[in-house]
Amino acid sequence: MQDSNRINPVIYIYEKLRSSFGPQGWWPVYSDGGQGYHPDDFSYPRTETQRIEIAFGAILTQQSSWKNVEKALFALMEESLLDLKAIAEIDIEILQKIIRSSGYFRQKSMRLKDFSCFVLENYGNLESLFSLDTENLRKALLSVKGIGKETADSIILYAAKKPKFVVDAYTFRIFERLGLIEKRDYDAVQELFENGMPEDHEPYNEYHALLVELGKRHCRKRPDCRGCPLKEMCLYNKKA
Ligand code: SF4
């Protein structure tokens with residue numbers, strides 16, 4: 001086993017979590033015959049529909065649990081609405097009913113429409129938008145109303161398969177408790193990860209998913225540190 005004092009903590013934590021939890025297979029895709037989670041298979045998304053499914057999922061998951069987002073995505077699938085043109089054209093009140101389970105459905109139906117119109121008007125489809133280099137793609141996504149850094153980076157990493165580390169509430173909580181960050185600054189924390197590991201979308205993909213898994217299993221609001229793979233290096237646990 002590697003010594004946490006001698007190696008880069010970003011890499012050490014990644015290896016620890018991966019050996020404890022195994023490959024996570026994010027982002028789940030069900031449309032076009034996708035099997036949901038797909039551990040160690042980074043070939044998804046394979047089609048435009050799957051790219052749309054991930055991008056819509058990233059928008060719908062803002063302030064909502066994934067369980068509720070999945071219901072909305074399946075409802076969209078049933079109505080053949082994993083389609084930018086169909087979303088751009090559908091009556092907003094009908095769309096609100098379809099995605100109701102995701103919460104904040106009025107706001108989110110506007111966001112799906114704004115995103116779809118933006119892509120259609122400027123690029124035609126997601127494949128063409130994703131041909132931009134990572135930084136220009138990020139700028140383009142951030143110019144869409146309602147798309148913030150976490151959503152843009154989720155789309156870049158999981159739908160466009162480009163290396164951009166996604167920082168979320170779990171990342172902040174875990175790294176704060178470990179004693180590796182002092183404040184919740186999105187850009188600074190993203191830099192910590194991106195400078196600490198090779199620029200490659202596969203480990204970025206896996207790492208974010210592993211942190212979410214740790215957040216769900218152990219590092220909850222009230223942490224359950226028993227059995228946490230990071231226990232021996234965690235400042236919070238030492239103080240407790
Ligand atoms: S030891 Fe406890 S506080 Fe530290 S990362 Fe694990 S669950 Fe979170």
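Mentor: A nonpolar core is a set of buried Ala, Val, Leu, Ile, Met, Phe, Trp, Tyr and Cys residues joined through side-chain atoms within 4.5 Å. Please keep in mind that the model is predicted.

Trainee: Which residues have the most contacts inside the largest nonpolar core?

Mentor: The largest nonpolar core has 74 residues. Domain 1 (9–23 + 165–239) and domain 2 (46–159) both contribute residues to it, so this core lies between them. The residues with the most contacts inside the core are Phe-56, Leu-76, Phe-115 and Tyr-207.

Trainee: With which residues is Phe-56 in contact, leaving aside its neighbours within four places in sequence?

Mentor: Phe-56 is among the residues with the most contacts inside the core. Its contacts beyond those neighbours are Leu-73, Leu-76, Leu-81, Leu-82, Asp-83, Leu-84, Ile-87, Leu-112, Phe-115 and Ser-116.

Trainee: How many residues of domain 2 are in contact with domain 1?

Mentor: The centres of the two domains, taken over C-alpha atoms, are separated by 27 Å. On the domain 1 side, 12 residues take part in the contact; on the domain 2 side, the number is seven.

Trainee: How many residues of the shell around the ligand are charged?

Mentor: The ligand sits in the largest cavity. Around the ligand are Arg-177, His-218, Cys-219, Cys-225, Cys-228, Lys-231, Cys-234, Tyr-236 and Asn-237. Five residues of this shell are nonpolar and two are polar, while the charged residues number two.

Conventions:
Residues numbered from 1 in each chain as written. Predicted model: local features only at pLDDT ≥ 70, side-chain atom pairs only at ≥ 80, totals over all residues. Heavy atoms only, no water. Near = heavy atom within 4 Å. 1 Å grid on protein atoms, 1.4 Å probe; cavity = no way out; pocket = protein on both sides within 12 Å on 5 of 7 lines; lining within 4 Å. Sits in = over half its atoms within 2 Å of the grid points. Nonpolar A, V, L, I, M, F, W, Y, C, P; charged D, E, K, R; others polar. Buried < 20%, exposed > 50% of the residue type's maximum accessible area, 1.4 Å probe, protein only. Domains from an automatic or database assignment. Contact = heavy atoms within 4.5 Å.
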